[in-house]
Amino acid sequence: MVRVLYFARLRELLGRASESIELPPEVSTVGALRTYLMSRGGVWSDAFAEGRAVRIAVNQEMVQPATPIGSDDEVAFFPPVTGG
Amino acid sequence: MPTVRIQQEDFDVGVEIARLRAGRPEIGAVATFIGVCRDRNDGATVATMTLEHYPSMTEKAILSIIGDALIRWKVDDATVIHRVGELRPMEQIVLVVVVGGHRGDAFAACEFIMDYLKTQAPFWKKEQTANGPRWVDARATDDEAAARWQADAAVAQRNAEKPPIQRG
């Protein structure tokens, strides 16, 4: 099971802060996970639509969509950061 | 050893500078940046601001940025404190202190840490305005400010690779 976290506007839009997901065999990268979540439809397809700026972290490090994921990973999706 | 603290409570820049300088007579420069909460943004009056973060990632991300700065410039140490939770205009948000031998490197390292924090550290601001709550959008100018350091590094790299100028 992959632990998936959502932050800020994404968390509000999706109505949840985290969940555990059993990865389907075809989902081997974070980019593929984003597409998989989009396929849930409704707010999910809107939140993860192409062109929406979504940043991704695997095990607390920002990564590119091609980054592979395994079942023990923590994956976080969030909007571009606005601290400071 | 760099210090990173994420906290709700306010900070005292004097205390933090004294702590960084303690027992270090070789320090000749202290560069600081303090980000504070404004009462306006994008044409609206801001009543309060709430800062959310990704706890297990935040400290790690900032330590990595400081680590890069300590390698790139001749500076000795740094402290970053970032507040989270609800803040009001006039309150302090973020502190960066860098100490080193001389001002040039201390200034540059301080600005670098702040520019990267703006684009890499997982914080998000939500404002309460007269028109209701809204999430603050990331600014393209922040990405440009961070990218500038990569361009600087690329130029430095190219210059280092150039053969020395022959003088007649």
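1. The model is predicted; local features need pLDDT of at least 70, side-chain atom pairs count only at pLDDT 80 or more, and totals for chains, interfaces and linings use all residues. Residues are numbered from 1 along each chain as its sequence is written, while chains are lettered from A and ligands numbered from 1 in the order in which they are written.

2. Chain B comprises 4 helices and 9 strands, where helices (H or I, at least four residues) and strands (E, at least two) are DSSP runs numbered from the N terminus. Read from the N terminus, the order of elements is β-α-β-β-β-α-β-β-β-α-β-β-α. Along the principal axes, the C-alpha atoms of chain B fill a box of roughly 70 × 40 × 30 Å.

3. Of the 168 residues of chain B, 30% count as buried. A residue is buried if 20 or more other C-beta atoms lie within 10 Å of its own, exposed if 12 or fewer, and partly exposed in between, with C-beta atoms placed from the backbone. Among contacts in chain B between residues at least 6 apart in sequence, 76% join residues at least 24 apart; two residues are in contact if their C-beta atoms, placed from the backbone, lie within 7 Å.

4. Helices α2 (residues 55–72) and α3 (residues 103–120) of chain B pack at an angle of about 150°, their axes being 9 Å apart. This makes α2(B) roughly antiparallel to α3(B). Angles under 35 degrees count as roughly parallel, over 145 as roughly antiparallel, 65 to 115 as roughly perpendicular and the rest as oblique; axes are lines fitted to C-alpha atoms, for helices over the stretch in contact, and angles run from 0 to 180 degrees between N-to-C directions. From α2(B), the residues A61(B), I62(B), I65(B), I66(B) and A69(B) meet A109(B), F112(B), I113(B), Y116(B), L117(B) and Q120(B) of α3(B).

5. How do α3(B) and α4(B) lie to each other? Their axes come within 9 Å and cross at roughly 130°, and the two helices are therefore oblique. The contact joins F112(B), D115(B), Y116(B), K118(B) and T119(B) of α3(B) to D142(B), D143(B), A145(B), A146(B) and W149(B) of α4(B).

6. Helix α4 (residues 140–161) of chain B has 22 residues, and its end C-alpha atoms are 32 Å apart, in agreement with the span of 32 Å at 1.5 Å a residue. The expected span is 1.5 Å times one less than the number of residues. The number of buried residues in α4(B) is 1, so this helix lies largely in the open.

7. Between the chains, 14 residues of chain A are in contact with 22 residues of chain B. On the side of chain A that touches chain B, α1 (8–14) and β5 each supply at least two residues.

8. The loop between β3 and β4 of chain A holds Q60(A), which is partly exposed, with 17 other C-beta atoms within 10 Å. Most residues other than glycine have a negative phi.
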